[in-house]
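Here are my notes on the model, as numbered points. Please read them with the structure open.

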Amino acid sequence: MELERYTQRRWDSVLHYLVGSTSEGGEDVEDPPEAVVHFLERTGLMQEDPEWRRGGKAPLVITSRGYEFMLLDVHVQVWQFVLQYLKSLQMKFRNDKKAQEIQSEALLFLICLSYCRVGEAYPADALSKDAKILMKDFSKFGLIYLAHVGGTTLFYPTRVAVNLVAASNDEESPIINNSSGVLSILDGEGDDDGREEVNPPSSASAARALEASLAEPVPSSSHIAIIIQTNFQLCAYTTSQLHVSMLGLFCDVQSFRRLSNVVFYHITRDSVKGAFKLGITAKQILRFLKMHAHPRIRSSNHPLVPSNVEDQIWLWNRERTRVQFEEVYIHQCQNAQEFQAVVTYAQDRGAFSWSDANKLRVFVKYAGAEVVVSFARRWRSRAAQRRARESEGRMRQSAYS
């Protein structure tokens, strides 16, 4: 349990730093290590405030990519950190051979961790030189706990590190609570408009831990249970300021109300569309609401999210794709014959976009504009030759007469 709390604190410190909150339950939250802060900036999750005008170094603020990261499942977050870390190693070592060696060492180290036992101490002396560097870096991410006993350095693999390579939702393998990571998009990124009826999995152990936490006089701040009503009101059983900040990403903050162990929000069109502008997708919002549904709802026959609420969120999402912008080239025709010929040619080549017969304008896709314009020039040249031959014929005919 102590190792899990250690990992939870480390990972919560990263998420608190991302959203800019400094306290949790009246207690100050420790900042993540300086190396992790640089890592957040280097990976584009945070950036210097572009609106900073006071002089000196600008503070870091979260980016749209950071919002997406914050709303990922915790295992996806850890994997993103590890993958970005491996990429940074490749950039750090200019020697490609050395970079490949340390990347291979990192993957081997992760596989070895999957065979370790949670809570058991392992001597660091058994590791290679490169593996010791990886061990220290992984400890900054909260994957490994380091302890110095006498002159010996010991490392304790956490449950997240052990389950990282072969993570599962097995009942006997409870992982770090998913409430601090939020919204898994394991099924792909992007604003996919495909409807999903599959509910996110929830292990029995996680459900029992959540029910036990809700039954306590003061629920743990690491848990959250959400109930969505058909009138778009959201009730979240939580005492975590981090959860409140995350809910505010897609809920109306002006409707916020709070009791001792529950907060109330209202989901509105403006709040959801505001989340879309931050880079959060409809699929992520719905997956979050379903993933953290209250155990009573999950054990009943009712949908985790009311159908009218889910449908409306998808409709708000589709409002963004009502108009599609396309770069086009406007070709001005000289007469109706040229207009008809260019329209037919553009349609046959798949380059036609739109046309205006009154003004003799043809809108063609920019990628096929060069081909269509070349055809129009050839057509005009042939038309001019035909007119010249016809004129010459008439002149000869009048001369004979």
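1. Start with the loop that holds F232. This residue sits between β8 (225-228) and β9 (233-237). Helices and strands here are DSSP runs (H or I, at least four residues, for helices; E, at least two, for strands), numbered from the N terminus. F232 is not a glycine, yet its phi is positive, at about 70°. F232 counts as buried, at 17% relative accessibility. Buried means under 20% relative accessible area, exposed over 50%, and partly exposed in between, with a 1.4 Å probe and protein chains only.

2. A word on the source. This is a predicted model, in which local features need pLDDT of at least 70 and side-chain atom pairs count only at pLDDT 80 or more, while totals for chains, interfaces and linings use all residues. Residues are numbered from 1 along each chain as its sequence is written, and side-chain values use heavy atoms, with hydrogens and water left out.

3. Now look at L360. Its loop runs between β13 (352-356) and β14 (361-365). L360 has a positive phi, near 60°, and is a residue other than glycine. Its relative accessible area is 18%, so L360 is buried.

4. Next, W11. It lies in helix α1 (residues 2-19). Its relative accessible area is 3%, which makes W11 buried. Q77 is 66 residues from W11 along the chain, with 9.5 Å between their C-alpha atoms.

5. Check the helix pair α11 (residues 282-291) and α13 (residues 307-318). They pack at about 160°, with axes 10 Å apart. Axes are lines fitted to C-alpha atoms, for helices over the stretch in contact, and angles run from 0 to 180 degrees between N-to-C directions. The angle makes α11 roughly antiparallel to α13 (under 35 degrees is roughly parallel, over 145 roughly antiparallel, 65 to 115 roughly perpendicular, the rest oblique).

6. Which residues of α11 and α13 make the contact? From α11 come A282, K283, I285, L286 and K290; from α13 come E310, I313, W314 and N317. Contact means heavy atoms within 4.5 Å. By class, this contact has five nonpolar, one polar and three charged residues.

7. Last, the whole protein. The secondary structure comes to 15 helices and 14 strands. Of the 401 residues, 42% are buried. Among contacts with a separation of 6 or more, 61% join residues 24 or more positions apart.

Conventions. Ala, Val, Leu, Ile, Met, Phe, Trp, Tyr, Cys and Pro count as nonpolar, Asp, Glu, Lys and Arg as charged, and the others, Gly among them, as polar.
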